[in-house]
Amino acid sequence: GALQVEADRFFYEREGDIYRARGDVVMVYEGASLTASAVDLYRGINEGTAEGQVVLRSTDGDVLEGEKARLDLVRKTGSVDAGRIFMARNHFYIRGDRIEKRGEATYFVVNAEATSCDGESPDWRLAGKELNVTVDGYGTLTHGRFYAKNLPILYSPYLLFPAKTTRQSGFLLPQRMAYSQNKVGWDVSIPFFWAISQDADATFHQRYMSERGFQEG
């Protein structure tokens, strides 16, 4: 597809067929736009590298940020070191030492943290060694930990969590998370949504209180 690049300076190296753009680089290509301090485009293999406050925006609203990135311009995939991503369709934030976009809506993250909360101090977050997540599906996390603020309340070698956007049956993100020293202890509510038909549905509220037990709603 069409590729447009703006920058302060351009260089071309015949050996390797490499275009180098430097200084306030803005690159627009099919389905995405990128800003960075420096971009190298390898025309022969349709790949590129970017450095310096890299921000990659997709037309679906996803935003991928980091200091270094490598891009496949044909498959619209790539990876970012020391990065973070905002998945707009399900309002999900993910940070990691390395983020790989492996498909149109599939991501793999090393040493990941994830939450749907806005701000730098989320009410809850997931953390783990390796995260796989697909928009409109479920995410998986190895060596997963569940935090309320900065307090760890759950560990599992393998965690499954929802990342859904369309109307389909399955667990939803936590609705309640609180702690009361004198009454119920940890109070966690994770709803389950049942799409019975196009015109009917039901939501079951799985509530766990560490001092009182399990309650169904």
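Select Leu 41 together with Gly 48, its bridge partner in S5. The model is a predicted one, in which local features require pLDDT of at least 70 and side-chain atom pairs pLDDT 80 or more, while totals for chains, interfaces and linings use all residues. Residues are numbered from 1 along each chain as its sequence is written, and side-chain values use heavy atoms, with hydrogens and water left out. Strands are DSSP runs of E with at least two residues, numbered from the N terminus; two strands pair if DSSP finds at least two bridges between them.

Next, select S3 (residues 18–29) with S4 (residues 32–42). This pair is also antiparallel, with 10 bridges; within it, Ala 21 has Val 39 of S4 as its bridge partner. Two residues separate S3 from S4 in their hairpin, where Gly 31 in the turn shows a positive phi of about 90°.

**Positive phi outside glycine**

Select Asp 24, which is found in strand S3. Its phi is positive, near 50°, in a residue other than glycine. Is Asp 24 buried or exposed? Asp 24 is exposed, with a relative accessible area of 61%; by the cut-offs used here, buried means under 20% relative accessible area, exposed over 50% and partly exposed in between, for a 1.4 Å probe and protein chains only.

Move to Asn 111 in strand S9 (residues 106–115). Asn 111 is not a glycine, yet has a positive phi of about 50°, and at 39% relative accessibility it counts as partly exposed.

**Salt bridges**

The structure holds 13 salt bridges, each being a side-chain nitrogen of Lys or Arg within 4 Å of a carboxyl oxygen of Asp or Glu.

Select Asp 17 and Arg 43, whose closest N and O atoms are 3.3 Å apart in a salt bridge. Asp 17 belongs to the loop between strand S2 (9–13) and S3, and Arg 43 to the loop between S4 and S5, so that the pair links distant parts of the chain, 26 residues apart. Arg 43 is partly exposed at 48% relative accessibility.

Now select Arg 22 and Asp 40, whose side chains meet in a salt bridge (2.9 Å, N to O). Arg 22 in strand S3 and Asp 40 in strand S4 are 18 residues apart. Asp 40 counts as buried, at 10% relative accessibility.

Continue to Glu 47 and Arg 70, which form a salt bridge at 3.0 Å, N to O. Glu 47 lies in strand S5 and Arg 70 in strand S6, so this pair ties together parts 23 residues apart in sequence. Arg 70 is partly exposed, at 39% relative accessible area. Selecting Glu 13, Arg 20, Arg 22 and Asp 40 then displays one network joined by salt bridges that share partners.

**The lining of the largest cavity**

Finally, select Leu 56, Ser 58, Asp 62, Val 63, Leu 64, Ile 85, Lys 101 and Tyr 107, which line the largest cavity. S5 and strand S6 (63–72) each supply at least two residues of this lining.

Note on methods:
Helices (H or I, at least four residues) and strands (E, at least two) are DSSP runs, numbered from the N terminus. On a 1 Å grid over the protein atoms alone, a cavity is a set of points where a 1.4 Å probe fits but cannot get out, and a pocket is an open set with protein on both sides within 12 Å along at least five of seven lines; lining residues have an atom within 4 Å of a point.
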